[in-house]
Amino acid sequence: MITATALTPVKQPAMDDIIGGALANQAVSVRGMVHALRDMGGLTFLLLRKGDGVLQCVCPPEVELDGVTEECAVEVLGTVHPEERAPGGAELAAAAVRVLSRPAAPAPVPLSKWKLNLTLDSRLSLRPAVLRSLRERSVFRIQAGICRAFREYLQSQDFTEIHTPKIVHAGAEGGSNIFRLDYFGRKAFLTQSPQFYKQTMVPVFERVFEVGPVFRAEKHSTTRHLNEYTSMDFEMGYIDSFYDIIAMETGFLRYCFRLLGEEYAGDLARLDITLPEMKDIPCVRFDEAKRLAAEKYGYAIRNPYDLEPEEEHAIGRYAKEVWGSDLVFVTHYPAKKRPFYAMDDPEDPKYTLSFDLLFRGMEVTTGGQRIHDYYQQVAKMERLGMDPAEFESYLMLHKYGAPPHGGLGIGLERLTMQLCGLDNVRLATLFPRDRTRLEP
């Protein structure tokens, strides 16, 4: 009998070691998918797609390649040699190629091409194949880097990662954009936000964060909305003002862009991405931002209580042209457009101690200071026509004592979309869910 403890996991050489020179002139065995095959008349160049890069393998005529096609899973045995013209600056002189599996059909699109030139619908319908394209894959390597940076930075700032329920008894944001479901005969919902739970955890851990899915039953079909997306949330206690939240996000973004520049340079280059210069991010009040952009670009303000997408674009353009920044914090949003837990500005209760972050003309973050006093929270609920009894479990946070606190939520797909210069948020989503799409 073979026991689990007797087994040794198969360890593949890391791409960094292969292309970085650590394995130069050494014999290695590398497994991956055949991304491309090019017969150069005597030599065959086999481009091997690995999870963290691509490796050029040079196969002389004596290496058996019969039956090897693109998208075969193979094991290549050979010797690593430096080669400036190869991807990453190294190649594998192959001695043997062993086929591990073969596709039942050729790929529906030419995956080895630099650009696929497909319609949006085709790119989404053929997702399992299309994601193998190096450019498509780079989008999600960068997205993984963003998540990694979020975790690493917040953990360095003494945050604790939490995992909150996605089936809830009440919506955190209110409104009609919430998915309802039958929970063993009781009414329940898919969560719009981890808001209630992350606030509840502030008296427990002081600083918490979560990366997880949220759901919005919005009947739209725009380039910036999804019905399921990934929210990167944090909440922190003992703040002096919501500017502490802004400072924490600024620190995360600095760390994130530095990490991407240092460790994801190949993916950035493949997508021709220019990282933002992380100077101090300007902060401007909501009403002032609307006025400045309207005056500079000559349009009338139509909605005094919210920012329309065109206004976000105009304010982002203003920030770039006047302040030289790809990012801008818009603060003090009107109370009419903020949830019931947002703290009103004591100097002018028509506004809240809240903010959005616009990145290249699109909102990617919403955050602010929360109400922490029980009586103040109940009073605001009643003023808005809400029944506090329906939020009894949430109000336990306030009833039993909570420090001044606040936090934010970052839309991962929107941040990825803007950073990668994509024209539709669905392209920043592995398997997007919108009004019409449940597959693949």
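Before reading any pairing, I noted the rule: two strands pair if DSSP finds at least two bridges between them. Helices (H or I, at least four residues) and strands (E, at least two) are DSSP runs, numbered from the N terminus.

I kept in mind that this is a predicted model, where local features need pLDDT of at least 70, side-chain atom pairs count only at pLDDT 80 or more, and totals for chains, interfaces and linings use all residues. Residues are numbered from 1 along each chain as its sequence is written, and side-chain values use heavy atoms, with hydrogens and water left out.

**Entry: the barrel.** I looked up β3 (residues 53–59) and found it paired with β5 (residues 90–101) in the parallel sense, over 3 bridges. For V58, I found A93 as the bridge partner in β5. Both strands belong to a closed barrel of 5 strands with mixed pairing, in the order β1-β2-β3-β5-β4.

**Entry: L397.** Leaving aside residues up to four places away in sequence, L397 touches Q199, T200, P203 and A402; contact means heavy atoms within 4.5 Å. I also checked Y374, 23 residues from L397 along the chain, and the two C-alpha atoms are separated by 8.2 Å.

**Entry: the whole protein.** I noted 13 helices and 16 strands. Of the 440 residues, 50% count as buried. The C-alpha trace spans about 80 × 65 × 40 Å along its principal axes.

How values were computed. Buried < 20%, exposed > 50% of the residue type's maximum accessible area, 1.4 Å probe, protein only.
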